[in-house]
Amino acid sequence: MVIITKRVMTTVLICIVYLVIFLTAKYPGGGIWSLLKVSNGESVAPIRPNNVTNERPPIHQEYSSTANNETAWNIDVEMIAGQNMEDRTNVRSNSSSDMQHKYDATVKENNDIIFSTQTPPSAQHHAQHVDPETVKADATEEQEDTTALIYNTDKTSQMPRSRDKSRTEEEAAIPSTSEEQQTTVVAFLEEVEGLEVSHLGGQEDITHMIQDTTVATEAAGENSTLGEVTIETILPRDNPGTNVSLPGNGESATGSSPGDEEADAASVAPAVSPDDHLVLDITVNLTGVALTVDGRQVYKDLKYNMSCGLHLVTLHPATGRVMAAHSYMTWQPALHKAFLEGLNDIQNGRLLVILGAPDFTSFLGEATIRVLEEMGALYIDRLAYKDAWCLLVHKGGGVLLEALTTTFLPPHSLNELVLDNNFTMLDVTPLTLHASIPRKAGGGCGWYGVAGLQERAAFCDTYDGYGDFCTCHHPPWSPLPQHPVEYEMKEVIPVAIVTARRLPHVLRQVGQVWASPGGTNTPITIFVDGHNPEAQALAALLHLPLVQHHNPAYKGSLTRISSHMKLVLSRVFEQHPKADKAIILEDDLELAPDIIPYFHQAAQLLTSDPKLFCVGAYNHNAFSHTALDPTRLYRVHGVPGCGWMVRRHVAQQMINKWPSTGEGIDWDLWTRQTIMGDRDILVPEIPRTKHRGGGGVHVTGIEQEQYYNQRPLNALLNVTLDLHGAELHNYLKLHTRNIRTGHVVHFSKHPCVELPIPRHQVNMSYVVYVDQPLEIGSTGSYYVVAKCLGLDDHYTLENLQMMYTASFYGNQLYVIGCPNSPFCITKKTENIYSATSEDMDFANEHPFRKFSPTEHLAFRVQSLSLSDEFNLNNLIHYYVQ
């Protein structure tokens, strides 16, 4: 009997092995498997969707295929997975000779969370009847039906379930995949303890924060120099020095103009759900990401390759209101740092929706992976190129859901993909999720009820991403210094902070201005591009005037940026009719502690010297070995930006000649070419601003890491500028003498191999003449020298008549373009360095500042074992520099 039993068991095992081999042969990726796990022994409360039924619907996982419909295969997954299920799990897939797919699903149920990878067909989906035992996902490809069906196996609930034949099916279409592409869907649901469920509605309006405001609006006419825009100015009545009278019709304009999509994320509140769950629908695909909460879309970013990266959406755990939303292009170097900073600034307890839109893994970074793993992510270290990923988590409280779709690399295409750098051949498998998350009541900080902080409490319960400003540590950080530093000012110079959506950066800047000597006596106005309720609330909380520009230009375009800058230059002087100068600060700048004294000291020279166009706070040739003296100033023919001060009449010259909105040019380059003429910009040797961020319109992640992050920021509070040396006559006399008496540098070897300039201070001047007939588009001689000496080889416009100068380890260095620069005084051709194409290649390989970011490319391939596939270890890794 024992022998017979053993033979029967052996026969069964052989049959199972042959079945697996058959599936593997039919589906080269390893067959079709589905594994459904339900935790045993857990106390799970009934789930009531929006149809409010007393019967508990099943936890369900849905997915669909777009395979062509030729032959149907019904496979008993119970045999493959080796699970003893009460309800059989059947998967019906349609395959063809030219389309093969594979589906994997791992699902765990905890704490009343329902989810699926199928987006409901309409916003009224949750009010429809749902089959309590099965959920069917259909996808169509040219009107052909392909279905994957999963039955629930719930052993934790003993309540009887009956099938309602009248309940409808859910349908959705997912784009088809390429011939050799195979798809894996993996979802993981972590256990979350201590969730408090309530029936809270939407977040209370915080309009009481801005009740004490005066609203004035102006709609520009056809002949207005501002173009067809709507301007809304909000002025706090109790703020001294902001009693501003603006022309206009006095009508209130609280809505955005047509085409304006700049409403902040936190102003988008979901429809109130009648039950005690937040219903989330998530889509991640090749075109971008989208998030719907309780039937209303609250976030989307569908700009194709510009949507690639990590998206961090912060939801209120009780209401589902979007408190913050940002995207980070982690396919570029250094952008993962911004993601970690943004994640750190979010308060604990918030519901985070973290979306990975392909490709987001190339520069994700070990630090990012480690932080996400500490939050509970299981698969973040095993993601491949073109994978889509999603993580739902209560910050500080555990993971709710993790899901991903994978994209397989066809074996015969490996060389073509990697060696030929042809990544377009890989399609992205869309990830669609439908999840029901219990509302989490409570929260708030102990100081929310403290007298005088109620307005801030309301703000911090509506918006997030403000770090210490909203922290629960008492007391939270205040941008207003306890002991302001006074500074004697000869004139009032207002500050205009220019922003679109980065309002936490604006708060930081306001604090840095106020902390600078004289900062609390400096008028500040916030200029926001677009209608923005969050900006209104922040400005009211800070008691600062706000100008909202309802900009008709396309979001993110050069035209829109140019139009907004034009409005800023116009309005800041209208608001301060007695001011002769204004300071313009972009929101992506960190400010030095002496930012206000720096501009006020330089204002004296800007007033007396007609050959100065403006005063800048930045220096593109400032690095650790070239920026040593905080008192020294340079005159350059660069472009305004990164913090600058301009006089009223110069701003009016710019406004009068401003290009039309249809030209789509960079306003700063246009200013240099059209307005500046022979006037210079005064800049410091050590910058007073530092550019942060990257991945924007002008600065990529690699540029941010290689150049902007390497430049210093002055840390001294009391600095007396050398204004006498910066006067035009004295400046030209000093540098002409240094060039005439300086040591002319000859390169016997490549400049990157042997540099005949000492790297210690010897109190001498060194002159390098380079073959550079034109500033732009000429030879690469300056490029090679800049690469090898650690100057700015990327931005070559900051010079004075093609004379570049900086302090090289304490010795004044001059790089002069010959033969057309007036500072090219040599007559000997052997003194002029001329680079070859080979010199340029060598300089690229051996630069002064070595920055070679490593791009991590992981490709998913067909696995040799079932465990590798389930564990997502079927990867091939490449590291590209």
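Mentor: What follows starts with the ring pairs and then turns to one helix and to some backbone details.

The model is predicted. It holds 18 aromatic pairs. In one of them, Phe459 and Tyr466, the ring centres are 5.1 Å apart and the planes meet at 70°, so the pair is edge-to-face. Phe459 and Tyr466 are both buried. These two rings also belong to a cluster, in which ring pairs link Phe459, Tyr463, Tyr466, Phe469 and Trp477.

Thr462 is found in the loop between α6 (454–460) and β19 (495–499). Its relative accessibility is 1%, and because buried means under 20%, Thr462 counts as buried. The side chain of Thr462 reaches back to the backbone oxygen of Ala458, at 2.8 Å.

A pair of aromatic rings is described by the distance of the centres and the angle of the planes. For Trp658 and Trp670 the values are 5.3 Å centre to centre and 55° between the planes, and this pair is tilted. It links distant parts of the chain, with Trp658 in the loop between α11 (648–656) and α12 (667–675) and Trp670 in helix α12, 12 residues apart. Trp658 and Trp670 are buried.

Aromatic rings also meet charged side chains here. Arg711 lies over the face of Tyr708, at 5.0 Å from the ring centre. Over the ring of Phe623 sits the charged end of Arg849, 3.9 Å from the centre of that ring.

Next comes helix α4, which spans residues 366–375. Its buried residues are Thr368, Ile369, Leu372 and Met375. Seen down the axis of α4, these buried residues fall within an arc of 120°, so they line one face of the helix. Glu366 and Glu374 are exposed on the other side of α4. As for what the buried residues pack against, the partners are β13 (309–315), α3 (335–344), β15 (351–357), β16 (388–394) and β17 (398–407). After α4 comes Gly376, with a positive phi near 120°.

The remaining points concern the backbone. Most residues other than glycine have a negative phi, and most peptide bonds are trans. Pro358 and Asp359 are joined by a cis peptide bond with omega about -5°, and Asp359 is found in the loop between β15 and α4. Cys818 and Pro819 are likewise joined by a cis peptide bond, with omega about 10°. Pro819 is found in the loop between β32 (811–818) and β33 (832–833).

Cys642 is not a glycine, yet its phi is positive, at about 55°. This residue is found in the loop between β25 (633–636) and β26 (644–647), and at 16% relative accessibility Cys642 counts as buried. Met802 has a phi near 65°, again a positive value in a residue other than glycine. Met802 lies in the loop between α16 (781–789) and β31 (803–808). With a relative accessibility of 12%, Met802 counts as buried.

Conventions:
Residues are numbered from 1 along each chain as its sequence is written. This is a predicted model: local features need pLDDT of at least 70, side-chain atom pairs count only at pLDDT 80 or more; totals for chains, interfaces and linings use all residues. Side-chain values use heavy atoms; hydrogens and water are left out. Helices (H or I, at least four residues) and strands (E, at least two) are DSSP runs, numbered from the N terminus. Buried means under 20% relative accessible area, exposed over 50%, partly exposed in between (1.4 Å probe, protein chains only). A polar contact is a pair of N or O atoms within 3.5 Å; within protein, one must be able to donate a hydrogen and the other to accept it, and residues adjacent in sequence count only if both atoms are side-chain atoms. Rings of Phe, Tyr and Trp (its six-membered ring) pair if their centres lie within 6.5 Å; planes under 30 degrees apart count as stacked, over 60 as edge-to-face and the rest as tilted. A charge sits over a ring if NZ of Lys or CZ of Arg is within 6 Å of the ring centre and within 35 degrees of the ring normal. The arc is that of the directions from the helix axis to the C-beta atoms. Contact means heavy atoms within 4.5 Å.
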